[in-house]
Amino acid sequence: MRLNTFLLLTTAILTTMCGLAVFVGSTKPEKKRSLWFLIATLGCAIWTVSIGLFLSLSPEKESLAPLLVVGIYLGAVIMDVGILAYNSWKYDLGKLLTVIFLLIGAVIIGIFLSNPSVLYESITISRTENYVTLVNGWYYWTYLVYFTILTFALLGSIVFAIKNTKNKGQRIGLNVFFVGQSIAGLLACIFDLILPLKDYSLIWIGPLAISITMLTFYYAIVKYHSIRLNSGWLKVLTYVVFVSLAAIVYMLIFYIIFTAIFRGAKPSTQVIVLNSVMILIVFLLMPAFSELTSFTKSLISTKEVDLPYIIKKLNKIAQDSVDLKELASFLAEHLHFEYVGFLIDGKIYGSDSVAISTEEIKQIELLKSYKENGIWQDFNQPVGEILSRSNIKAVAELKDSEGTSFGQILVGKPVGKIKFERRDLIQLEMIINLVAIVISSESKIHRKKSKK
């Protein structure tokens, strides 16, 4: 399989997945509009797959060539009409233009289906090159003019949508779509409409450019929350799309470098497959690599607290059953203290064992905060001596979401040369408050279960 065929088939699948995700994830008022986007992506897929398979078709399967040629010219009509409708269907003029271009396109394709000779003289399928010998006559120029006008119409519909969109995020996404469609439309005009009259070998550039534009637009839709990704399979699908898009970009860069180094030589099928497998493995391992990198950074950066990583882990812990000792050990490691412990209901759950008796625990529980609404607690003798003996440097109050105190957190000496500034203290208070909510939520669940 040629690299261009591989890229075309891959982008066709991804583009269809994007159209399906937009349709399923859109709100009820947007369903009709998003259906047109799905139709556009299906048209793009038909166009792209037809070109990819045609260019790699072997002489033994030459009988499929006429059907693939139909797919090439039919798919392009469906795609462009779909894009036009997606951006303009909610307006009366947009509906009218969509119907007009759809009818004209149906007539053009109908003429071709009834008499293929108006489009091409012959189809050549060989071991070296596959191409269509087009008829440079009235039909082809009608087809070319039709698509030129249709391209300008759909670009105009995007501009109109930009001007009438109040949502900033959606406007940015449409701007991305406009720029991408302008560039891709120009490439498609050159390599899929004008150049094929003399050279059919580069016809794959147009669909690849437009497919990547559609994928980029989908990224903008997801980034600015134009669709809802509530269901798990939509999130997985979106992750697959973005990872695969990155792999496609990698393969394009690889192809350019390979041809440059080996002076125009094309990579073999084995080399393409090997690169595809390796890049797939790398991207599949990316979540694990990311998790390992974040964990290591948070663990070894003793001069600062990796707040995003800790909050991410706490949110994950909140979804599972909370083990207080494990939670204390996690905080001690990643907040960079020699000790962290929770004092709840007269019992200490710590990252390490401490020699504090039951009577001493009762004295610690009587501590008051420095000030109203504060969490840090003031201690003097004899409590100060108890805490000092166990190398505990600070005590903070744990409050649930309603502001009710239910326990305390004991913090040991900082590891390394940490000197917390006010910003760090605020971060630490934020983490303690989040930890308190996680623990209190778990406690409430256990209490409800015990009552049952």
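## Overall fold

Residues 24 or more positions apart supply 62% of the contacts in the chain with a separation of 6 or more, a contact being heavy atoms within 4.5 Å. This is a predicted model, in which local features need pLDDT of at least 70 and side-chain atom pairs count only at pLDDT 80 or more, while totals for chains, interfaces and linings use all residues. Residues are numbered from 1 along each chain as its sequence is written, and side-chain values use heavy atoms, with hydrogens and water left out.

The chain contains 14 helices and eight strands; both are DSSP runs numbered from the N terminus, helices being H or I with at least four residues and strands E with at least two. Of its 452 residues, 44% count as buried. Here buried means under 20% relative accessible area, exposed means over 50%, and partly exposed lies in between (1.4 Å probe, protein chains only).

## Surface

Accessible areas come from the Shrake-Rupley method with a 1.4 Å probe; for residues, only the protein chains shown count as cover.

V273, L274, V277, M278, I281 and L285 make a nonpolar surface patch of about 510 Å². Patches are made of residues with over 30% relative accessible area and no salt bridge, where like charges are joined within 9 Å and nonpolar side chains (Val, Leu, Ile, Met, Phe, Trp, Tyr) within 5 Å. An α-helix has 3.6 residues a turn, so residues three or four places apart point the same way.

Helix α3 (residues 65-88) has 24 residues, which at 1.5 Å a residue should span 34 Å; the end C-alpha atoms are 35 Å apart, in agreement. The expected span is 1.5 Å times one less than the number of residues. Helix α3 is mostly covered, with 20 of its 24 residues buried.

T98 is placed in helix α4 (residues 92-114). With a relative accessible area of 1%, T98 is buried. Leaving aside neighbours within four places in sequence, T98 is in contact with W36, V81, L84, A85, S88 and W89. The C-alpha atoms of T98 and Y86 are separated by 9.6 Å, the two residues being twelve apart along the chain.

## Hairpins

Strands β1 (residues 120-125) and β2 (residues 130-134) pair in the antiparallel sense over five bridges; two strands pair if DSSP finds at least two bridges between them. I123 stands opposite V132 in β2. The two strands, β1 and β2, are joined by a hairpin through four residues.

Antiparallel pairing also links strand β7 (residues 392-399) to strand β8 (residues 405-412), over seven bridges. This second pair, β7 and β8, forms a hairpin with five residues between the strands, and G403 in the turn has a positive phi of about 85°. E397 stands opposite Q408 in β8.

## Salt bridges

Side chains of opposite charge can pair when their charged atoms come close. The structure holds five salt bridges, each defined as a side-chain nitrogen of Lys or Arg within 4 Å of a carboxyl oxygen of Asp or Glu. One of them joins E60 to R127, with the closest N and O atoms 2.3 Å apart. This pair links distant parts of the chain: E60 is in the loop between α2 (31-55) and α3, R127 is in the loop between β1 and β2, and the two are 67 residues apart. Both E60 and R127 are exposed.

R389 and E360 also meet through their side chains in a salt bridge (2.9 Å, N to O). R389 lies in helix α13 (residues 383-389) and E360 in helix α12 (residues 358-365), so the pair ties together parts that are 29 residues apart in sequence. R389 counts as partly exposed at 48% relative accessibility, whereas E360 counts as buried at 15%. Not counting residues up to four places away in sequence, E360 touches A355, I386 and R389. A further salt bridge is formed by the side chains of E397 and K399 (4.0 Å, N to O); E397 counts as buried, at 14% relative accessibility.
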